[in-house]
Amino acid sequence: MSTPDDPAPLDETFECSFEFQPGWIDLTLREGTRAEAKALATQVVNRLNPLGIEIEKSAVFDDLVERAVDLNDDVPTLAAAYYSEAGEALANLMVDSYGDEGVPRPGPEEVVPLLLRWGNAQVTGGPRITRVELAAGPAVRIQAMLKVKRMLGFGRKPAGFIRYAVFPPGMESLVVVTVTWEKVALTEQITELADEAVRTMRVTPLPGG
């Protein structure tokens, strides 16, 4: 519950865009409804090559709908997923921004523990932390493995993640890109896909609030 002393969320609007390679599908929903997710899934499935897909279109459709609804649950700036030519989802990508009015944006050192926080998972092993320069601005990149809580809280399953904390010039917000995947055997491939996508990201501040 917020109190009168809590700072107001930062009212800063911007446009975020990627030059996605084939396989990435933008799943951002404006309204966040299941009906909107179904309409989006219908468009995607109708574009699929029936000869190049090993999974029933109905299964791909259902996965797209559920994934779009789940990824848009917290109203991200952008949500996407990477699908193999066989129609299997391999990775999720989400972009969001963080900031409060009157509160300085955390610096590169301060942001690291924030990037390692997971509500339903625990980071395992030593995370790889690097600083990079992106088209969207300077960034801190973290890659590590996770143990994710299973349904009902019984046991944990491995997963991988990459997080970029981006500090766009001319903005007060911190922009965070999170890519997650469950097929740890494909970590190298997904890492390349994620890094390639993030290098194309553009963040453009918009006038007004």
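**Aromatic pairs and their neighbours**

A search of the whole structure finds four aromatic pairs. This is a predicted model, in which local features need pLDDT of at least 70, side-chain atom pairs count only at pLDDT 80 or more, and totals for chains, interfaces and linings use all residues. Residues are numbered from 1 along each chain as its sequence is written, and side-chain values use heavy atoms, with hydrogens and water left out.

Me: Why is the pair of Phe18 and Phe20 called stacked?
Reply: Rings of Phe, Tyr and Trp (its six-membered ring) pair if their centres lie within 6.5 Å; planes under 30 degrees apart count as stacked, over 60 as edge-to-face and the rest as tilted. Phe18 and Phe20 have ring centres 4.8 Å apart and planes at 0°, so the pair is stacked.

Me: What makes the pair of Trp24 and Tyr82 edge-to-face?
Reply: The centres are 5.4 Å apart and the planes stand at 70°, so Trp24 and Tyr82 count as edge-to-face.

Me: Why is Phe18 called buried?
Reply: Buried means under 20% relative accessible area, exposed over 50%, partly exposed in between (1.4 Å probe, protein chains only). Phe18 has 13%, so Phe18 is buried.

Me: Why does Phe20 count as partly exposed?
Reply: Phe20 has 23% relative accessibility, so Phe20 is partly exposed.

Me: What makes Asp74 exposed?
Reply: Its relative accessibility is 61%, so Asp74 counts as exposed.

Me: How do you know that Arg163 lies over the face of Trp118?
Reply: A charge sits over a ring if NZ of Lys or CZ of Arg is within 6 Å of the ring centre and within 35 degrees of the ring normal. Arg163 lies over the face of Trp118, at 3.9 Å from the ring centre.
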